[in-house]
Amino acid sequence: RMARYALTALALSVFLAGGAIAARGLAEIRQTKQTLGLFREVIQQHADEAVVTDIWWFSAALAPIFIEQPVFTLNQSDELESWMRQMNGSWDRWLFIGYELPPAFEHIEEHWGYSISSMENIRGVFFVKMGRTAANR
């Protein structure tokens with residue numbers, strides 16, 4: 001009889017633990033959808049601009065947006081200067097998205113003729129709108 005109670009208690013605790021884990025998973029999915037929705041809104045506000053990111057999963061997570069909007073994914077944020085060199089001023093305005101600001105931002109105006117038009121941090125991700133300075137248009 002004692003073994004039966006122990007087995008019932010074990011089964012009940014496994015069932016409750018499974019339910020708690022499933023509830024946490026659903027909450028995580030809901031939060032992720034909300035966060036991606038916020039990201040999508042910001043990107044759609046900049047529909048006529050290229051998007052440059054060093055977040056590896058970003059272009060895959062928001063793939064439908066990038067059918068008509070160019071996205072460039074860098075391996076690391078320190079590759080931004082290389083990207084700017086390759087683009088050779090092709091974009092007057094672009095949106096950088098990353099967890100941190102790239103080192104190139106320290107001298108982007110002097111060396112590349114761009115300045116930060118606006119910057120916001122949404123759930124730990126920077127959205128930085130870049131534009132050509134008046135002297136470089």
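**Reading the chain**

Guide: Of the 137 residues of the chain, which is a predicted model, 33% count as buried.

Visitor: What makes a residue count as buried?

Guide: The relative accessible area must be under 20%. In helix H3, which spans residues 80–87, the buried residues are Leu80, Trp83, Met84 and Met87.

Visitor: Which exposed residues does the face of H3 turned away from its buried side carry?

Guide: That face carries Arg85 and Gln86. Each is called exposed because exposed stands for a relative accessible area over 50%.

Visitor: What covers the buried residues of H3?

Guide: The cover includes strands E1 (50–53), E2 (71–73), E3 (93–98) and E4 (114–122), together with helix H4 (108–112). Just after H3, Asn88 adopts a positive phi of about 50 degrees.

Visitor: Why is Leu38 called partly exposed?

Guide: Leu38 has a relative accessible area of 32%. The value falls between the limits of 20% and 50%, and Leu38 is therefore called partly exposed.

Visitor: Where does Leu38 lie, and which residues does Leu38 touch?

Guide: Leu38 lies in helix H1, residues 2–44. Leaving aside residues up to four places away in sequence, Leu38 touches Ile122 and Arg123. Contact here requires heavy atoms within 4.5 Å. From Thr133, 95 residues apart along the chain, Leu38 is separated by 28 Å between C-alpha atoms.

Visitor: How does the radius of gyration of the chain stand against that of a compact globule of 137 residues?

Guide: Such a globule would have a radius of gyration near 14 Å, whereas the chain has 23 Å. Along the principal axes, the C-alpha atoms fill a box of roughly 85 × 25 × 20 Å.

Visitor: What pattern does the chain follow along the sequence?

Guide: The pattern is α-β-α-β-α-β-α-β-β, with 4 helices and 5 strands in the chain.

Visitor: How many positive and negative side chains are there?

Guide: There are 12 positive and 15 negative side chains, and the centres of the two sets lie 17 Å apart.

Notes
Residues numbered from 1 in each chain as written. Predicted model: local features only at pLDDT ≥ 70, side-chain atom pairs only at ≥ 80, totals over all residues. Heavy atoms only, no water. Buried < 20%, exposed > 50% of the residue type's maximum accessible area, 1.4 Å probe, protein only. Helix = DSSP H or I, 4+ residues; strand = E, 2+ residues; numbered from the N terminus. Rg over C-alpha atoms; globule rule 2.2 N^0.38 Å. Lys, Arg positive; Asp, Glu negative; His and termini not counted. Charge placed at Lys NZ, Arg CZ, Asp CG, Glu CD.
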